[in-house]
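Please keep the sequence and the structure in view while reading.

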Amino acid sequence: MSAQPEEAPAPPAPGAAAQLLAQLRADGRAETWVPAFERDWAKALDDSRHTYSLTPLHDVVRTWQLRVAAAPAVDTYMDSGRDESGFVDLDDVLGARR
């Protein structure tokens, strides 16, 4: 039997953060993504020190892996020339929120 619930995701590989950082540095978005990843990692590291849990670090790795995986689809969408300027702000439709 496992001590973890079945729905808990498997932790990332031990070197996943280093591999991810290398991948981010090689990407065209490195100028913005690397500092953002390092900021997220530093916060998660601090949280882990206070909670004695690796979960914040695992969450950062998973989140950034998903961002990197989604980047080509986002690029394709942005390059498709779709005009997003015709949308209406939700506040204009619903009115001011209380």
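The pLDDT is the predictor's confidence in each residue, on a scale from 0 to 100. The model shown is a predicted one, and the mean pLDDT of its protein chain is 86, with 89% of the residues reaching 70 or more.

**Confidence and extent**
- Among the elements of the chain, helix α2 (residues 30–51) has the highest mean pLDDT, 95, whereas helix α4 (residues 90–94) has the lowest, 73.
- Helix α2 has 22 residues and reaches 30 Å from its first C-alpha to its last, which is close to the 32 Å expected at 1.5 Å a residue.
- Tyrosine 52, which follows α2, has a positive phi, near 60 degrees.

- The buried residues of α2 are Ala30, Trp33, Val34, Ala36, Phe37, Ala44 and Ser48.
- These residues lie on the same side of α2 because they cover an arc of only 165 degrees around the axis.
- On the other side of α2, the residues Glu31, Thr32, Arg39, Lys43, Arg49 and His50 are exposed.
- The cover over the buried residues of α2 includes α1 (16–26) and α3 (55–79).

**The nonpolar core**
- The largest nonpolar core has 14 residues, and those with the most contacts inside it are Leu20, Leu24, Trp33, Phe37 and Trp64.
- Each of α1, α2 and α3 supplies at least two residues of this core, and α2 gives the most, with six residues.
- Leaving aside residues up to four places away in sequence, leucine 24 touches Ala30, Trp33, Val34, Phe37, Trp64 and Val68.

How values were computed
Residues are numbered from 1 along each chain as its sequence is written. This is a predicted model: local features need pLDDT of at least 70, side-chain atom pairs count only at pLDDT 80 or more; totals for chains, interfaces and linings use all residues. Side-chain values use heavy atoms; hydrogens and water are left out. Helices (H or I, at least four residues) and strands (E, at least two) are DSSP runs, numbered from the N terminus. The expected span of a helix is 1.5 Å times one less than its number of residues. Buried means under 20% relative accessible area, exposed over 50%, partly exposed in between (1.4 Å probe, protein chains only). The arc is that of the directions from the helix axis to the C-beta atoms. Contact means heavy atoms within 4.5 Å. A nonpolar core is a set of buried Ala, Val, Leu, Ile, Met, Phe, Trp, Tyr and Cys residues joined through side-chain atoms within 4.5 Å.
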